[in-house]
Amino acid sequence: MRSDLTSRRAALALAAGLAVAAAMPALAQDGPKKIRIGVIGAGNIGGTIGTLWVKDGHEVMFASRHPEQLAAMVSELGPNAKAGTPEDAIKFGDAVFIAVPYKAYPDLAKEIGPALNGKVVLDAGNATQKRDGALYDEVQASGIGATSAKYFPGAKLVRAFNAANYKVFAKEGADGGKGRAGGRMAIPIAGDDPEALKVAEGLVRDAGFDPVVVGPLKEADKFAMGSQGFGHDVTASEMRQKLGLAQ
C-alpha cells in the first residue's frame, strides 16, 4: 500500500512539474530549441543575420513589400527560408527582427505596430542625422530605446545587432563564430522584459556571437551609433570592460 501511495505521489509530482514547464513561456526556456523568426527588412542587416539563423537551423521568413523579389535568396538558403510580406512574417514568427532604415519606423508602426503587441522584437535600427532628420533629433532628445518603444509600444523590445556593420557580422558569425581567435564577437543588447532578453540572448548565440546584456532599454544609448559602445569587434569580456559592466 505504501509503495502504491509513493508511486501515486511521484506521478502527481511529475505531472505538476510538467504543468509548470508547459506554463513557462516557450521561447524563454533553456535548451537548443529552434524557433520561427520573422525578419522585417531583407537588406544588409536583415539578410545577413537572418541567413546566420537559417544556417543554425531556425525557420526564417524574410519580409518585403515585394516578397517575389526575395525568391532567389530563399531558394539558395533552402527549405528553412521563406519570403512573405511584413504581416506574413509577424504571423509566422515566434520572434521578430526589425532591420529597416530608421526613417521607416513611423510608417511601419502605423502598418504593423498593433500586430507586434506581445511579440519579442529585436530592433537593429540606427538613426542618422542626414537620412532621418527630425527622427534623429527625437532620438538625440529621448534616446534610441525610448524612441523605438514609442513606435512599437506593445512589443517586448530588445535592442540588438545595431552596433556594427553588416560586413563584420557576416565575417565574424561565419561557422558559428568558432573560427574566431580569442573568442566570439560580442553583441550588446538591452531591453526591459526579462523573458525577451533571454530569447534575444539565445538568438545572438545562435547567430554565432556572444550576447552582452547592458541593461534595460534606456541603456541602449551606451551602444547606439556614435556612442562608446558602437563599432567594436571585440569579445564579451572586452565589451563589458569598454561599457563599465561587471565581468
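# A colleague's note on the sheet and its helices

1. Strands S7 and S8 run parallel and are joined by five bridges. Within this pair, Ile187 stands opposite Pro211 in S8. Two strands count as paired if DSSP finds at least two bridges between them. Helices (H or I, at least four residues) and strands (E, at least two) are DSSP runs, numbered from the N terminus.

2. A word on the model before going on. The model is a predicted one, in which local features need pLDDT of at least 70 and side-chain atom pairs count only at pLDDT 80 or more, while totals for chains, interfaces and linings use all residues. Residues are numbered from 1 along each chain as its sequence is written, and side-chain values use heavy atoms, with hydrogens and water left out.

3. Here is the overall picture. The chain holds 11 helices and eight strands. Of its 247 residues, 46% are buried; buried means under 20% relative accessible area, exposed means over 50%, and partly exposed is in between (1.4 Å probe, protein chains only). The chain exposes about 12,200 Å², of which carbon and sulfur atoms supply 53%. These areas come from the Shrake-Rupley method with a 1.4 Å probe, and for residues only the protein chains shown count as cover. Among contacts with a separation of 6 or more, 65% are between residues 24 or more positions apart; a contact means heavy atoms within 4.5 Å.

4. Now to the sheet itself. The eight strands form an open, mixed sheet in the order S3-S2-S1-S4-S5-S6-S7-S8. Its edges are S3 (81-84) and S8 (210-215), each pairing on one side only. On average, neighbouring strands are turned by 25° against each other, direction ignored. As a reminder, strands of a sheet pair through backbone hydrogen bonds, either parallel or antiparallel.

5. S6 and S7 run antiparallel and are joined by two bridges, and Arg159 stands opposite Ala190 in S7.

6. Further along the sheet, S1 (residues 36-40) and S2 (residues 59-63) pair in the parallel sense over five bridges. Ile37 has Val60 in S2 as its bridge partner. S2 is mostly covered, with four of its five residues buried.

7. Which strands does helix H10 lie across? H10 (residues 194-206) lies across S1, S4 (95-98), S5 (120-123), S6 (156-159), S7 (186-191) and S8, and runs at about 165° to S7. Helix H11 (residues 236-243) lies across S7 and S8, running at about 20° to S8. Axes are lines fitted to C-alpha atoms, for helices over the stretch in contact, and angles run from 0 to 180 degrees between N-to-C directions.

8. Helices H7 (residues 134-142) and H8 (residues 144-151) also meet: their axes come within 7 Å and cross at roughly 120°. The two helices are therefore oblique to each other, given that angles under 35 degrees count as roughly parallel, over 145 as roughly antiparallel, 65 to 115 as roughly perpendicular and the rest as oblique. H7 contributes Leu135, Glu138, Val139 and Ser142 to the contact, and H8 contributes Ile144, Ala146, Thr147, Lys150 and Tyr151. By class, the contact has five nonpolar, two polar and two charged residues. Ala, Val, Leu, Ile, Met, Phe, Trp, Tyr, Cys and Pro count as nonpolar, Asp, Glu, Lys and Arg as charged, and the others, Gly among them, as polar.

9. Gly133 sits in the loop between helix H6 (129-132) and H7. Is Gly133 buried or partly exposed? Gly133 is partly exposed, at a relative accessible area of 29%. Its C-alpha atom is separated by 8.3 Å from that of Lys103, 30 residues apart along the chain.

10. Val96, in strand S4, has a relative accessible area of 1%. Leaving out residues up to four places away in sequence, Val96 touches Gly38, Ile40, Ile90, Leu116, Lys119, Val120, Val121 and Leu122. Glu172, in helix H9 (residues 166-172), is buried at a relative accessible area of 10%. Again not counting residues up to four places away, Glu172 touches Gly177, Arg180, Met185, Gly208, Phe209 and Asp233.
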